[in-house]
Amino acid sequence: MNALFFRLQHRYAPYLFVAPFVILFLTFTLYPIAKSLSLSFYITNGPKSQVFVGWDNFRFLWGDPAFHRAVWNTCTYALTSVFLQLPLSLGLALLLNSRLVKGRNFFRFGFFSPHLVGQVFVAVLFSVVFIPKFGLLNRVLHALVGTAIDTKWLGNPELVMPALVLTSLWMYVGFNMIYFLAALQSVDRELYEAAQVDGAGAFKQFVHVTLPGIRSVAVFVTVLSTIGSFQLFELPYVMLSNTAGPDNSGLTVVMYLFQNGFIAGDLGYASAIGWTLTMGVLVISLAQMRLTGTWKRED
Amino acid sequence: MKNRLFSVELPFGKAPALLVLVTALTGLYLFFHPVETSQATLRLWTFASNHAVPYQKAIPSFETAHPGTQLEVQLVHGDAVNSRLRAAFWADLDVPDLVEVEISRAGSFFRGPAEDVGFIDLMPILKRTGYYDRIVQTRFAPYRNRGRIYGLPHDVHPVVLAYRRDLFEELGIDVRQIRTWDDFVRIGREVSVPGERYMIELSDNNAGHFEMFLFQRDGGYFDAEGALIMDNEVALETLLFFIPLVAGSERIGSDLGSSRLFTQAVESGYFLSFICPDWRSKGTETDIPRMGGKMALMPLPAVRAGGRRTSTWGGTMLGITKSCPDPELAWQVAEHMYFNKAELAERFRETNILPPLKDAWEHPAFDEPRAYWSGQKLGRIYADLADDVPPQYASPFIETAKSKMAGVISSCAAYYRENGREGFEEFARARLLAAAEEVRRYIQRNPY
Amino acid sequence: MGWQRFGLHAVLVLCSVVMLTPMVWLIAATIKGPDDLFHYLFFPSPSRFSLYNFRQLFEQIPYVRFMINSLFVAGATVLVQLFFSSLGGFALAKYEFKGKRLIMVLMLTTMMIPAQVMLAPMYELIYAMGLVDSYWGLIIPGAVSVFGMFLFRQSMLDLPDDLLQAGRIDGCTELRLYWDVVLPVQRPMIGAFCLIAFMGSWNNFLWPQIILHSQERFTLPIGLNQMVGLYAQEYGAMMAGTLLAVLPVVLLFFLLQKEFISGLTAGAVKG
């Protein structure tokens, strides 16, 4: 084989290898992002009729009670994911990591299995679990603690968010536990022994050995769940039979974007919502990374 | 190592091999079973299975009458009609020639410049053929916009009250004593047992039932001129009347959900009565056949003695799209499906839906006693109320208004559950006004 | 010690019961007839088992077609993603070239930008390409997985350079090196990625919902969401549809369990 060809193919191979990513990035990320920025200054009725309105979409968004509701719901959901779901995941992982546990693989699979079901199918399942009078949850709660058998979990604006959180706990606690468990298992056993020699109790060991040991994984999982929470859509949309729920109690930012853009047909307003969401997510995840000092370690 | 003998060496592991296999097999299947492109000369979309079935039955007679035409009726989910039609109007994709649209969705298609609306104006042809005067007038209202009529009404949908005749008798309720809602509520309070039995099915979290009370009082979301009236005095009065029926300790209504959940609850005696438009009576018959002979219908109680004894719930329009190459032929399909008296009568027997063509009601089918409904003449009951059916006026913002109203119902019910009558009127007024203001913001934003 | 062990297991068993109950309930719901569905909380006596729900599902809904569509779209998507992502990851892990840093930054940003912001222009783009209502409209925009590129880069960093050098001396081109030397040793990661990507594609909802218009092309999530309400207003059929829709993922999981757990956590733990 020709030596020149050999040298050239070696030099240009990496460019060829990343080319698919670059091409796709340009067409399906960069272009749409730029396009959606420009769209966000128009009111549209489908791609055919567009009217330039300047900053009006953003002004309208700022004073739009439905959007406020969507942001409120989304943030509530995100906060519970981070402060309720992740600690539970960590707790389960700690239990499972104990040397006393028999049948670890069984439990690990048991906790993880709901995640295999997938959001849409979980939503279909739980829309039936929550039905009044005949649903699993009402019948179990009625039998155990005597709550009303016809509690409308998905029909009462105050109960929709708890129902959503409950569903997402079921689906994600085990999933995130896998990460924590792997991190715990990678912590050096000798560190614990050393701490024991120093006379540290279980709690001190947890604070001084365990937490630092799983820090990077914890940050990773936190950022990932935050980003995921802000993109919440399928779960409430399917669970509430393709609506935003009573009094918009299940409305999320992405659902609002979808409603405006693809049901009402205002792609301009949808883009404005999308850009606001993007900015929010970028700021929050960068802040999280900065706070925990991960940013510098990425490269 | 023994196993190795029998297993094929997979250089990249099991997963890619399996996926290649699956993809190849399914790909082959899809290659040999491509999605059939329609050969039909005319296509009609509907979102309701109880419409699609009779239409499909009516195809042969249409095709015999119009040789060379091939008509196709497609059943498409309501949400999908909405999104597909919109996408199709935007992008000139695959648009059907005729399409049925649900009443609360119709208005949103009239958005934008009038010349961009995807449906043709039916007013000229309705006038020319004389059908305009033979159809229940109020049913044009939802499909009329800026002086044009974009849809042919499929139905009238008067509502009555359906009740468990057996349980009413057991409880000593005499329906002749129920003339007004006040009568109904008084009796309802006596027989309702929280969590076990409710006088009526009424929702505290969507506007569906509330609307009927609103329309019955001549209220609504928009008036004939298209102005928003969802926060007027009638709406407030309706709200103040309605909420205590569904919330608080004295409530007489509850709801569980749609379809099966609802009918099961009727069968178990959880609901003694429910508001029953013509289409819902059929669902009851098919879902809970065991209730045959135990059910009966009565006109809705009036707001005030001597007042209107009905209201309306739901509706469908049939539109002809602008991309239809032969609107004249499409109109003949519409005529065949909507105005053929013999077929309408047959269809009424199948669906219980009262057609809006008034002279069709003379057919004996509408006077047949129905055993399921304790021998009542179901058709006549609905037909007698048809002229009293209140109008629903259209607006491109009707969906927004409805969803905001649903929010008002939910939050007022929540307030009432917590606080009872204390400060309720002020809260309801403020909430109604705020919701209307939100809708007005949308309307003002509309550049068209 | 004994009590501690007992308590620990009690808690774990309790948690597992909570986690598994909805699934048992789901399975029970699928084999009950319409009259028993709400009558029995879980299983009725075996003599009352019924295939009614599955019959409903197959007769009323083109369920098999949805399943085939889903399998094809997910299979094709994963294979394409696997190829492009591992190739890209290989370049990032084992080559020095201009623009490498820029590409890493772009990838990070892509991961953080919510895909939903791009929906509207993507729809226009796909329309302009004539791909609306086609399988390709689903497969092409997702042909490269950024997450996958990170994953493969991470695991390929550990590849000894000597191995590659030896291959080059033997006269392998870079592409051949990738195919014959690199990929075979990445088998665990390939397995993990396949499962993760398969789940992603299998459960994809929003994008197919927007671009698929013909019922015959629906994938399972959209088909199930729409059709159940349309034809069979039956909770039993809905549950049966859900159960069958989950099976392929579960099967794949059991096949790839080991690789999956290690792959999922590899990136995070090494971080």
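Helices (H or I, at least four residues) and strands (E, at least two) are DSSP runs, numbered from the N terminus. The views below show a predicted model, in which local features need pLDDT of at least 70, side-chain atom pairs count only at pLDDT 80 or more, and totals for chains, interfaces and linings use all residues. Residues are numbered from 1 along each chain as its sequence is written, and chains are lettered from A and ligands numbered from 1 in the order in which they are written.

**View 1. Val53(B) sits in helix H3 of chain B, residues 49–65.** A residue is buried if 20 or more other C-beta atoms lie within 10 Å of its own, exposed if 12 or fewer, and partly exposed in between; C-beta atoms are placed from the backbone. Val53(B) has 16 other C-beta atoms within 10 Å, so it is partly exposed. Thr26(B) is 27 residues away from Val53(B) along the chain. Their C-alpha atoms are separated by 31 Å.

**View 2. Chain B as a whole contains 17 helices and 14 strands.** Its C-alpha trace spans about 80 × 75 × 55 Å along the principal axes. Chain B has 448 residues, and 50% of them count as buried. Two residues are in contact if their C-beta atoms, placed from the backbone, lie within 7 Å. Take the contacts in chain B between residues at least 6 apart in sequence: 76% join residues at least 24 apart.

**View 3. Helix H17 of chain B covers residues 424–445.** This helix has 22 residues and reaches 32 Å from its first C-alpha to its last. That is close to the expected 32 Å at 1.5 Å a residue; the expected span is 1.5 Å times one less than the number of residues. Which residues of H17(B) are buried? They are Ala428(B), Arg431(B), Leu432(B), Ala435(B), Ala436(B), Val439(B) and Tyr442(B). Seen down the axis of H17(B), these buried residues fall within an arc of 125°, so they line one face of the helix. The arc is that of the directions from the helix axis to the C-beta atoms. An α-helix has 3.6 residues a turn, so residues three or four places apart point the same way. The buried residues of H17(B) pack against helix H10 (233–246) and helix H16 (398–419) of chain B. On the other side of H17(B), Glu426(B), Ala430(B) and Gln444(B) are exposed.

**View 4. Five strands of chain B form an open sheet with mixed pairing.** The strand order is E9-E8-E10-E7-E11. Two strands pair if DSSP finds at least two bridges between them. The edge strands, E9 (253–254) and E11 (295–299) of chain B, each pair on one side only. Strand E8 of chain B, residues 198–201, pairs with E9(B) in the parallel sense over 2 bridges. Glu201(B) stands opposite Ser254(B) in E9(B).

View 5. Most residues other than glycine have a negative phi. Ser241(A) lies in the loop between helix H11 (234–239) and helix H12 (253–263) of chain A. Ser241(A) counts as partly exposed because it has 16 C-beta neighbours inside 10 Å. Asn352(B) lies in the loop between helix H14 (341–351) and strand E13 (369–370) of chain B. Buried or exposed? Asn352(B) has 23 C-beta neighbours inside 10 Å, so it counts as buried.

**View 6. Chain C touches chain B through 31 residues of chain C and 28 residues of chain B.** Helices H3 (63–94), H9 (174–185), H10 (187–202), H12 (220–230) and H13 (235–270) of chain C each supply at least two residues of the side that touches chain B. H3(C) gives the most, with 8 residues. By class, this side of chain C has 20 nonpolar, 7 polar and 4 charged residues. Ala, Val, Leu, Ile, Met, Phe, Trp, Tyr, Cys and Pro count as nonpolar, Asp, Glu, Lys and Arg as charged, and the others, Gly among them, as polar.

**View 7. The contact of chain A with chain C takes 76 residues from chain A and 68 residues from chain C.** Helix H1 of chain A, residues 3–39, gives the largest share of the chain A side, 19 residues. By class, that side has 54 nonpolar, 18 polar and 4 charged residues.

**View 8. Chain C averages a pLDDT of 87.** pLDDT is the predictor's confidence in each residue, from 0 to 100. In chain C, 94% of the residues score at least 70. Among the elements of chain C, H3(C) has the highest mean pLDDT (95) and H12(C) the lowest (79). The model scores ipTM 0.89 and pTM 0.89.
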